[in-house]
Amino acid sequence: MGTKRVVSEADKARFWQARASGMTLTEAARIAGIHVNTASKWEIRKKSAMAELAVARAEESASKRKDGGVQARAMRILDVASELPPAIPKDRLCPEAQRGLQDFDFFRSYYLGRVPSPWQVEAAYKIVQYLESEEKEFLVLNVAPGAGKSTLFHDVAVWCIVRNRAIRVLYGSISQNLAKMYSRRIRDTLERPTALEPDPEMVKKGLAVNAKGCLSIDYGRFKPASQTALWRADEFIVEQEITGNTDNKEPTVRAYGIDAEFIGHRADLCLFDDVASPENARESTARDKLLERWDSMAEARVDPGGLLAVIGQKLGPGDLYAHCLSKVSYDDDDYEYDGSNVENPEDVGDEPQKSSKYHHIIYKAYYPELDTGKESRSNKALPYPNGPLLDPVRLSWKDLSYIRYSNPTTFKVVYQQEDAGDEAYLVSRTMLTGGMGVDGVLYQGCIDNDRMPGHIPYGLAPPIVSIVAVDPSPTQFWALTWILYQPETNLYHVVDVERVKLTAEDLLGYNTMTGEYSGMMEEWQNRSMALGYPISHWVVEINAAQRFLLAHDFVRKWQSRQMVNIVPHTTSRNKLDENLGVEALLPAIIRTGALRFPSMRGNWKTMAAVDELCKWTRDKKNGTDIVMSLWMAVLNLPNLTKAKAPPRQWRPSWMLDR
């Protein structure tokens, strides 16, 4: 009896590649150098495993066991039955696999079931171009929501791993769970032992096609054969071309939330998706924390010769993308001039050439210059760059046109990736700081450079109305603004501003044991009296006024004691009123310089007020506390008069000194 021939892994790879390319069983067996009976047994085992997998998918809604359920178990059986080949060297790949290494559009259609998307193909080639650069590269990719940003990064990560199994990919997101979900998706794509079968509804809508090839068969398995190999959802190592070369390798893919610690991990390709959000795109502790971690952690993870790419839609002038794009690099490392002790201009060398640290790629949802009429905007029209719509199916003209006309600022920033421009905001910074505006007007500005917060302006002439406006919040920041108003000159002098988190007791408290008052209202009221301009009115948003102030008897006693009035204010649609709203009242007094702020030098209070005024929009929900308190004061001032002292009882002149 002869010795049974041991079929090598290479022979198995050739057989399954031949079958995947459409050859008959006999032809594939001849190419692999095996007996047709052996090939037939392999086919039978594979068909049996495929049948079990089909049953498992039908029972997917049933209860699953701890080992992963019937579907996961069937996938493992199919993995064994199909005899997935090990990593196949590039020179021995089938023609389709060879083409897939170079042609991204073919790769994602043939192996991933994607429909053609020109912008994603173009972006993928640019990402790989930067990845293959000898320098460390950084990239911001801004694209409209709903266009398939996450799908692009998934497909690029898979393509890069197929092209180079030794690559190290770091996949980041706003949270660890979201990053883990993206990493698991990459792992499942590489692990799949059969061609991808997309959701029939996705195929029907034209968002997917049936994949023809299987990555694990045409390129060799990616899940290591070793049972001890790292293969988790948040980190895994793919099978290397050199067998057994996974023990000491760093993870091929590792997932991190931007809030997680990843000091010890470095990568060749760092992909960050869904990191910026409306909450961390505006002035807040969340934004400060994000930018600090980005600068100190995220950017430091990419190795020399690698690429860090972050993708998302623009959210505003303070988002992560604007922060990245504001960074510059100096091309001349030997430049040492510091601008000091130079007597002759000839002795000064040329300024070093600056360049942006980040490359910037933009894809708009709509390109009006390519719009040739209604047909070019239909769902069946060609996508950009052959048509005006980036993706006529995912970003239809019907949806875009609604946003374009109902919310122009959102359309311009979020969908067109453009800066909103000064016209979208309440006022421009030039109006507040002074100088020539883009409209050709020379603005005097609203800053008193010789006055610090808490100081009274010089030369004030009576009558003066001294008021404080309070914009409260039960959970967020409160804003308090103290203004001295001169009716005859129509000048509004901001004495002090506070933006802090408070409780009702922090605003005005009372100790029943000692009979003493405390809180910011008591402190500011006493300070105003000491400075000679006692506050006559406190304008407080009505919800807080009713709940925290007017309902308490000690508050009414405090009013009598201090001879001050509390004015409840109702904020509703009136803040957008054409005649009395924020946009109607504040810009007018700012353009003329009638609203006066203390100096900005070393003064965070004025800087915070200026920043809010320059970034206020009617659809902004947070980061508007100081603006609202200013508006409340300006709105109520015409109806207020200085509080009068109660009438004094007449006494004879000889008793006045007693």
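Student: What percentage of the 658 residues of the protein chain count as buried?

Tutor: This is a predicted model. In the protein chain, 49% of the 658 residues count as buried.

Student: Why is C270 called buried?

Tutor: Buried means under 20% relative accessible area. C270 has 0% relative accessibility, so C270 counts as buried. C446 is also at 0%, so C446 counts as buried too.

Student: What makes the largest nonpolar core a core, and which residues touch the most other members?

Tutor: The members are buried nonpolar residues, joined through side-chain atoms within 4.5 Å. This core has 67 residues. L141, L190, L215, Y219 and Y363 touch the most other members. Helix α8, residues 149-163, gives the largest share, nine residues.

Student: Which residues does L141 touch, beyond those up to four places away in sequence?

Tutor: W119, A123, I127, L152, V310, I311, G312, I361 and Y363. A touch here means heavy atoms within 4.5 Å.

Student: Which residues are among the 42 of another core?

Tutor: L426, V465, V567 and L595 are among them, and this core lies apart from the largest one.

Student: How many helices and strands are in the protein chain?

Tutor: The protein chain has 23 helices and 19 strands. Of its contacts with a separation of 6 or more, 68% join residues 24 or more positions apart.

Methods:
Residues are numbered from 1 along each chain as its sequence is written. This is a predicted model: local features need pLDDT of at least 70, side-chain atom pairs count only at pLDDT 80 or more; totals for chains, interfaces and linings use all residues. Side-chain values use heavy atoms; hydrogens and water are left out. Buried means under 20% relative accessible area, exposed over 50%, partly exposed in between (1.4 Å probe, protein chains only). Helices (H or I, at least four residues) and strands (E, at least two) are DSSP runs, numbered from the N terminus.
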